[in-house]
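Good morning, colleagues. Please look at the sequence and the model on the screen, and I shall then go through selected features.

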Amino acid sequence: MATVEIDEVTKVYPNGVEAVQGLTLQVRDGELMVLVGPSGCGKTTVLRMVAGLEEISSGEVLIGGRVVNDVSPKARDIAMVFQNYALYPHMTVAANIGFGLKLRNLPKSEVEAKVLAAARMLGLSQWLDRKPGQLSGGQRQRVAMGRAIVREPKVFLMDEPLSNLDAKLRVQMRAEVSHIQRRLGVTTLYVTHDQTEAMTMGDRVAVLLEGVLQQCAPPQLLYDRPDNVFVAAFIGSPAMNMYEGLMDPDGTSVSLGSQRLQISDDVFHARPALAMYRGKKVVVGIRPEHISAAVSSDGPVLQGDVELVEALGSELLVHFSLDAALAHVPGAAVNGQTEQPAADDVDATTSGWSVARVDASTKIRVHERATFALRPSLQHFFDADTGAAIWDGPP
Amino acid sequence: MGDGTMTPGSSGLAAVSPAGSAIRRQARRRPTLARRIRRDPGAIGMFLALLVISIVMLYPFAFMIINSLRTESQYLNGSGFSTSSWGALFSSLPVGAELLNSTLICAGAIAIILIGSSAAGFAFAKLRYRRQNVVFLGIIGSMMIPVQSIIIPEYVNLANAGLVNNYLSPILVYSALGMPFATFLMTVFFRGLPDELIEAALCDGMGYFGVFWRVAVRMAGPALATVTVLQFIQIWDDLLVALLLLQEPANRTITVGLGVLSSGRAVSIPALMAGSLISAIPAIIVYLFFQRYLVSGLTMGVSR
């Protein structure tokens with residue numbers, strides 16, 4: 001096992017595009033680090049630079065403390081799982097899994113034993129004589145995993161390995177990949193555009209946008225304390241509702257269009273820097289799951305016109321409109337929300353509607369004006385100019 | 001919903017009843033010509049066109065086979081059959097030796113073309129280097145140079161190298177002539193291979209030569225078969241290069257032998273037809289052997 005250190009790494013393509021800008025990241029020994037971000041954010045480029053498949057323009061990549069910038073992929077002791085699996089179509093499953101070992105001139109008996117062990121672990125024992133073309137997507141994905149596992153490398157690199165699977169299989173394989181990684185304890189760098197995958201699998205998650213690291217933290221911390229509007233909007237499904245607001249001079253409330261949202265003392269305790277924004281513009285973020293149908297007028301509330309109600313069985317997604325201006329969120333239109341297709345179709349940030357995730361038993365009708373209660377201490381505040389979260393000090 | 005309620009015995013399995021499978025069998029059966037024409041009257045024009053093309057294509061074969069089984073007088077009369085022309089052919093031409101010469105030259109040239117074009121195609125498709133496109137365009141452009149315009153300088157070069165009347169000379173010339181198209185074909189094929197496959201092999205522990213030899217070439221069956229068939233037909237049928245470079249009777253190819261046979265003062269058409277038939281058989285065998293790869297090889301790059 002080994003650590004992976006990415007130190008001030010930049011990648012500039014010959015056409016001048018700066019895909020990665022001064023990225024610094026450390027993946028601890030045995031950790032599963034997820035790189036997440038919208039398409040084109042540079043996450044795959046980072047992975048390929050670690051693998052040695054892409055030249056590094058500046059900075060250093062270290063694997064196990066050794067600088068590997070000029071080391072060929074085969075000498076880095078890494079194993080990579082690709083989005084399209086990249087199985088050798090002319091070889092059987094067993095040959096695919098054992099190919100890396102064969103190239104290392106291991107005795108045939110040892111190769112066979114390791115292939116069998118990996119196949120048993122992945123439930124592939126009965127398919128060993130088949131060719132990849134005769135397997136389902138899930139089975140091919142397992143073969144790709146087997147090919148990586150069997151070599152016992154220092155580092156696993158996984159490039160969206162589940163994105164070609166259907167939704168149900170993806171959820172199943174997500175758990176399997178996590179389980180195998182934890183069982184083997186191999187340092188893993190995992191790339192995905194799916195924030196749900198990132199949240200459920202990663203020990204830590206690094207969020208990238210346009211080649212720049214936005215935040216790297218454990219999943220819950222990303223959700224609870226996003227560093228900026230992009231992370232806040234990207235993590236969570238449906239995406240966080242973002243409004244342009246104006247703090248009242250006395251700091252007890254914030255104006256969202258014609259409505260006033262009370263700010264509780266808890267919010268000020270958690271965000272002392274908010275006091276400096278009295279009378280200034282801020283961006284207010286409210287997660288859909290922190291909005292419910294109001295049963296009393298205590299606490300902060302918002303009133304909106306219900307535009308659409310989507311029943312998901314266990315809950316309702318209520319799309320409603322306010323007269324407050326929605327804040328611009330960079331990369332919001334490509335937010336990777338995959339588990340909630342309904343929410344994808346009508347994204348609050350792109351439709352101009354807000355979204356509330358309420359209990360399925362809530363009586364709510366389209367075209368009615370409804371009152372929504374907000375969890376008092378769970379509003380997020382961001383600097384209107386920089387988009388940085390307002391927490392302890394000046395952003 | 002009430003409409004969707006299933007009663008016992010009325011499950012979806014009912015679709016697998018004997019009547020159902022009979023319907024499916026009928027649907028699977030290829031429609032007859034009459035049914036196709038009834039369904040699409042315009043198809044009759046297509047069938048007629050294909051029929052005419054088939055006759056045009058097959059007529060020379062029929063002519064060759066029929067007339068190879070006639071004597072000179074039977075050929076002139078247009079009736080009767082005899083195998084004497086085959087005896088005349090074998091007595092006037094060293095057919096076996098010429099077939100062997102043709103085979104050796106074809107095999108040598110095709111081996112060089114396959115090795116060179118697959119390596120070049122892989123490099124053009126999967127490696128990146130400066131002026132790559134210019135070099136590729138140069139090679140593709142050389143396909144447009146007619147062999148007649150360079151054959152004399154080539155002859156002079158080979159004569160200076162002392163290679164005239166040596167099998168190596170036509171092998172080298174055919175390789176040079178066939179290489180550009182073969183390289184183009186192999187490049188198109190290798191461009192269709194996913195880059196991830198190459199990268200997976202690099203991560204697995206191979207160098208670029210290993211990736212080429214152990215992964216790319218193993219998957220290039222259709223492309224290699226296509227190159228083999230097309231080059232075989234071209235080289236086997238060629239007269240000019242072999243006629244010029246192999247002047248000793250012992251070195252002649254079958255095509256040159258037939259050329260000599262047809263240039264005599266008294267030409268025996270039945271013997272010539274018998275020789276042509278023998279000459280055509282290897283090409284037909286090669287085509288049939290690689291047929292299943294040929295279509296996929298020829299349509300490479302059409303879709304990915």
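In chain A, five strands make up an open sheet with antiparallel pairing, in the order β13-β12-β11-β14-β20. Because β13 (259-262) and β20 (379-383) of chain A are at the edges with a single partner strand each, one side of each has no neighbour in the sheet. Direction ignored, neighbouring strands of this sheet are turned by 40° against each other on average.

Before I continue, some conventions. This is a predicted model, in which local features need pLDDT of at least 70 and side-chain atom pairs count only at pLDDT 80 or more, while totals for chains, interfaces and linings use all residues. Residues are numbered from 1 along each chain as its sequence is written, chains are lettered from A and ligands numbered from 1 in the order in which they are written, and side-chain values use heavy atoms, with hydrogens and water left out.

Strands here are DSSP runs of E with at least two residues, and helices are runs of H or I with at least four, numbered from the N terminus. Two strands pair if DSSP finds at least two bridges between them. Strand β12 (residues 253-256) of chain A is joined to β13(A) by four bridges, antiparallel, and A:Leu256 stands opposite A:Gln259.

A further open sheet of chain A has four strands, antiparallel, in the order β2-β1-β4-β5. Its edge strands, β2 (18-27) and β5 (66-67), each pair on one side only. Between β4 (residues 58-63) and β5 of chain A there are two bridges, with A:Ile63 opposite A:Arg66. Helix α1 (residues 43-51) of chain A lies across β1 (4-12), β2 and β4, at about 115° to β1(A); such angles run from 0 to 180 degrees between N-to-C directions of axes fitted to C-alpha atoms, for helices over the stretch in contact.

I turn to the interface. How many residues does the contact take from each chain? Chain B gives 16 residues and chain A gives 21 residues, contact being heavy atoms within 4.5 Å. The two chains bury about 1600 Å² between them, 63% of it on carbon and sulfur atoms; this is the accessible area (1.4 Å probe) lost on being put together, summed over both. In chain B, B:Cys203, B:Asp204 and B:Arg214 lose the most area to chain A, together 40% of what that side buries.

The rule finds two salt bridges across this interface, each a side-chain nitrogen of Lys or Arg within 4 Å of a carboxyl oxygen of Asp or Glu. A:Arg151 and B:Asp204 meet in a salt bridge at 3.4 Å, N to O.
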